[in-house]
Protein chains: 2
Amino acid sequence: MITVSTSILEARSYHHGDLRAALLDAGLAALETQDIGDISLRQLARTAGVSATAVYRHFPDKAALLSALASAGIEQLAAFQQAALAARPQDSGFATAGRAYVRWALANPGLFRVVFVHSCPDTNSVFGDSAAARMLQSYAAEVENDPAQAQQLVVQAWALVHGLAMLMLDGQLPPDDALIDRVIDPRALFGIQSGSNSDASP
Amino acid sequence: MITVSTSILEARSYHHGDLRAALLDAGLAALETQDIGDISLRQLARTAGVSATAVYRHFPDKAALLSALASAGIEQLAAFQQAALAARPQDSGFATAGRAYVRWALANPGLFRVVFVHSCPDTNSVFGDSAAARMLQSYAAEVENDPAQAQQLVVQAWALVHGLAMLMLDGQLPPDDALIDRVIDPRALFGIQSGSNSDASP
DNA sequence: GTTTAATGTTTCTAATGTAAACATAGCGGT
DNA sequence: ACCGCTATGTTTACATTAGAAACATTAAAC
């Protein structure tokens, strides 16, 4: 929740206080129960208790609002991954981060789609310079000395977890926790014997 | 193109001849230039030269029409893969099919999304019992004797190519042909030394 | 305290999915 | 030949959407 202390307790004034944050909150909340396609600006405006077109004072259009939601989503994803890493420091960080990626996607399907699927054709690579991306690259560098090979490993690992998340989200694969562990098994993938020890075993 | 011989040349009668096929053709054509979200029933009806609500005589709702388009898309994908396999019989079929998957996705972004991303939450796994899926499984069985391991290989391979396709479609990775070849390299993946020989080299 | 820029509101338009009622045409049975 | 039945299209209607334009209010600067 983005909390913003508006001027104290001015319950209902003409101006909202921080409508922008309220709309983003409404968007994040809505994405927990709805899919992206079913979200309308009007709905968010209603939730924020404001007229439909007030949105346009803060976002040029719908895409801009979704783009802002995407940024919030990326931060959440990175935080979730780092929490997972902190919780099991003895495991392969590479695999732990990957599993967290998929689990976060399954736990936040709407937001995940906003981040990766929706993000309008040119506002792309919103993920490219995020904390999550840097984390992934540093793990790859640990495992591979050759930078070109490390880069390839990054892409392969990203594609694997992203594809797994997508297929599960779209109902093509069962959203099975054990399946995630099996697919993202450092011992079976990429010839990685892992720097740290691995754990999850079928 | 779905060609249907209506009764000969009855140019403009009240009844269309085969509106269902015409709508699907219009949909496939539209998906070549537009993304799924921008396609409307009314547009397809216009293209078919018919009133907006005529669609509902052939499809209960928009989702049903898209679902029919998805079936057509899956067939196209499988045909494309088999053409790729036939064109290079000496290569690793596993890798060739995977590259074809990604290339087809890049060549048909709209239709690919209809097949895998859109397909409504419960009409899922439209791909599950397709020719493409069976092909994938038979290749996995060639490489892995243990059926459980083969199944895991299927999922890993599918996730990898699907994720690569998605990330490229969504602008997160450059839609680079060489990158596809590098990521889907049987020598680097899954410890496969391949039954046949491999080719593509960086 | 007046001006001003930021923020919200009303009102409007064009597009969309879909329901309901109506129209037309080809078919089978008599 | 006629009569209806059913499949298929059409018209009309409605609720909802994204967004533009013009107007209202308020907080803050001067």
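User: What does chain A average in pLDDT?

Analyst: Chain A of this predicted model averages a pLDDT of 83, and 81% of the residues score at least 70.

User: Which elements of chain A have the lowest and the highest mean pLDDT?

Analyst: Helix 6 (residues 131–143) of chain A has the lowest, at 82. Helix 2 (residues 41–47) of chain A has the highest, at 96.

User: And where is the pLDDT below 50?

Analyst: Residues 1–11 of chain A are one such stretch, with eight contacts in the model beyond near neighbours in sequence. Residues 191–202 of chain A also have a pLDDT below 50, and that stretch has 20 contacts beyond near neighbours in sequence.

User: Staying with chain A, what span should helix 7 have?

Analyst: Helix 7 of chain A runs over residues 147–169, which is 23 residues. At 1.5 Å a residue it should span 33 Å, and its end C-alpha atoms are 32 Å apart, so the two values agree.

User: What follows helix 7 of chain A?

Analyst: Gly171(A) follows helix 7 of chain A, and its phi is positive, near 75°.

User: Switching to chain B. At what angle do helix 6 and helix 7 of chain B pack?

Analyst: The angle is about 125°, with the axes of helix 6 (residues 131–143) of chain B and helix 7 (residues 147–169) of chain B 9 Å apart. The two helices are therefore oblique to each other. The crossing is right-handed.

User: Which residues make that contact?

Analyst: From helix 6 of chain B, they are Leu136(B), Gln137(B), Ala140(B), Ala141(B) and Val143(B). Helix 7 of chain B brings Ala150(B), Leu153(B), Val154(B), Ala157(B) and Trp158(B). By class, this contact has nine nonpolar residues, one polar and no charged.

User: How do helix 4 and helix 6 of chain B cross?

Analyst: Helix 4 (residues 93–107) of chain B and helix 6 of chain B cross at roughly 150°, and their axes come within 9 Å. That angle makes helix 4 of chain B roughly antiparallel to helix 6 of chain B. Here the crossing is left-handed.

User: Which residues touch there?

Analyst: Gly93(B), Phe94(B) and Ala97(B) of helix 4 of chain B are in contact with Met135(B), Leu136(B), Tyr139(B) and Val143(B) of helix 6 of chain B. The classes are six nonpolar, one polar and no charged.

User: Last pair: what about helix 1 and helix 3 of chain B?

Analyst: Helix 1 (residues 19–33) of chain B packs on helix 3 (residues 62–87) of chain B at about 70°, with the axes 10 Å apart. That makes helix 1 of chain B roughly perpendicular to helix 3 of chain B. Helix 1 of chain B contributes Leu23(B), Leu24(B), Gly27(B) and Leu28(B), and helix 3 of chain B contributes Leu65(B), Ala68(B), Leu69(B) and Ala72(B).

User: How many of those are charged?

Analyst: This contact has no charged residues, with seven nonpolar and one polar.

Key: Residues numbered from 1 in each chain as written. Chains lettered and ligands numbered in written order. Predicted model: local features only at pLDDT ≥ 70, side-chain atom pairs only at ≥ 80, totals over all residues. Helix = DSSP H or I, 4+ residues; strand = E, 2+ residues; numbered from the N terminus. Expected span 1.5 Å × (residues − 1). Axes fitted to C-alpha atoms, helices over the stretch in contact; angles between N-to-C directions. Parallel < 35°, antiparallel > 145°, perpendicular 65-115°, else oblique. Left-handed = near helix turned anticlockwise from the far one by under 90°. Contact = placed C-beta atoms within 7 Å. Nonpolar A, V, L, I, M, F, W, Y, C, P; charged D, E, K, R; others polar. pLDDT = per-residue confidence, 0-100.
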